[in-house]
Amino acid sequence: MCSLTVSILCPDIDLPIQHISDPILKRMGRFVTRRDITDLILKLRQRIPDLALRTSVITGFPGETEDQFNELLEFIRQTEFERLGVFTYSHEEGTRAFRWMDSVPEEVKRERQSEIMQLQSDISLAKNEQLVGRTVKILADSFVSPDIVSARTVWDAPEIDNSVLLGNDAVPGMFYRIKITSADVYDLKGEYV
């Protein structure tokens, strides 16, 4: 996790919670509870203006019930993470969970993953739309086509998070100030200020 000192310079923290149900967290060997996670998120959001929280979760962990999945889904809905990735549990030798039977069918894991990603798409779109009209500093990264340069805001990690799409007059490696003019689920568009 990013330290608070670094976060002041870059208001983006990766907090991989993995799950929110206390029984699942305990089985995972995570030495935190839902309350610990909730309290930490509240403190971070209070102390760091304009914070973007990124997390990753796992669905289909051995023994995950429908109620525990719904608890995770509701937590994501309430918390509104700026960035979220979801993985399905994979039964791998040498891991703590290998001793438990992989009890959630693959089809159910994929359905749960899809449901979380649909929810996160809605959250991401709403958060991106809130940026329209705002002026932000971006870093141009690379050409995605001869006519478009991909850039990112201070809230976005390279290659995994949202992009800001610019014309081919942007120079990769350079910073620019832009006004966000439109948004979709994962991309923003803007004009130079």
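Helices (H or I, at least four residues) and strands (E, at least two) are taken as DSSP runs and are numbered from the N terminus. The structure is a predicted model, in which local features need a pLDDT of at least 70 and side-chain atom pairs count only at pLDDT 80 or more, whereas totals for chains, interfaces and linings use all residues. Residues are numbered from 1 along each chain as its sequence is written, and side-chain values use heavy atoms, with hydrogens and water left out.

The protein chain contains 5 helices and 8 strands, which follow one another from the N terminus in the order α-β-α-α-β-α-β-α-β-β-β-β-β. Along the principal axes, its C-alpha atoms fill a box of roughly 55 × 35 × 30 Å. Of the 193 residues, 39% are buried, where buried denotes under 20% relative accessible area, exposed over 50% and partly exposed the range in between (1.4 Å probe, protein chains only). The accessible surface amounts to about 10700 Å², with 54% belonging to carbon and sulfur atoms; these areas come from the Shrake-Rupley method with a 1.4 Å probe, and for residues only the protein chains shown count as cover. Among contacts (heavy atoms within 4.5 Å) between residues at least 6 apart in sequence, 65% join residues at least 24 apart.

Helix α5, spanning residues 106–129, comprises 24 residues and reaches 34 Å from its first C-alpha to its last, close to the 34 Å expected at 1.5 Å a residue, the expected span being 1.5 Å times one less than the number of residues. Its buried residues, among them Ile116, Leu119 and Ile123, pack against β2 (52–59), α4 (66–79), β3 (83–88), β7 (175–183) and β8 (187–192).

The axes of α3 (residues 34–47) and α4 come within 13 Å and cross at roughly 10°, where axes are lines fitted to C-alpha atoms, for helices over the stretch in contact, and angles run from 0 to 180 degrees between N-to-C directions. The two helices α3 and α4 are therefore roughly parallel to each other, a description applied to angles under 35 degrees, with those over 145 counted as roughly antiparallel, 65 to 115 as roughly perpendicular and the rest as oblique. Arg34, Ile37, Thr38, Ile41 and Arg45 of α3 make the contact with Glu71, Phe75, Gln78 and Thr79 of α4.

Isoleucine 37, located in α3, is buried, with a relative accessible area of 6%, and touches Ile17, His19, Ile20, Leu25, Val32 and Phe75 when residues up to four places away in sequence are not counted. Isoleucine 41, also placed in α3, counts as buried at 7% relative accessibility; leaving aside neighbours within four places in sequence, isoleucine 41 is in contact with Leu15, Leu53, Phe75, Thr79 and Phe81. The C-alpha atoms of isoleucine 41 and threonine 79 are separated by 8.5 Å, although the two residues are 38 apart along the chain.

Most residues other than glycine have a negative phi.
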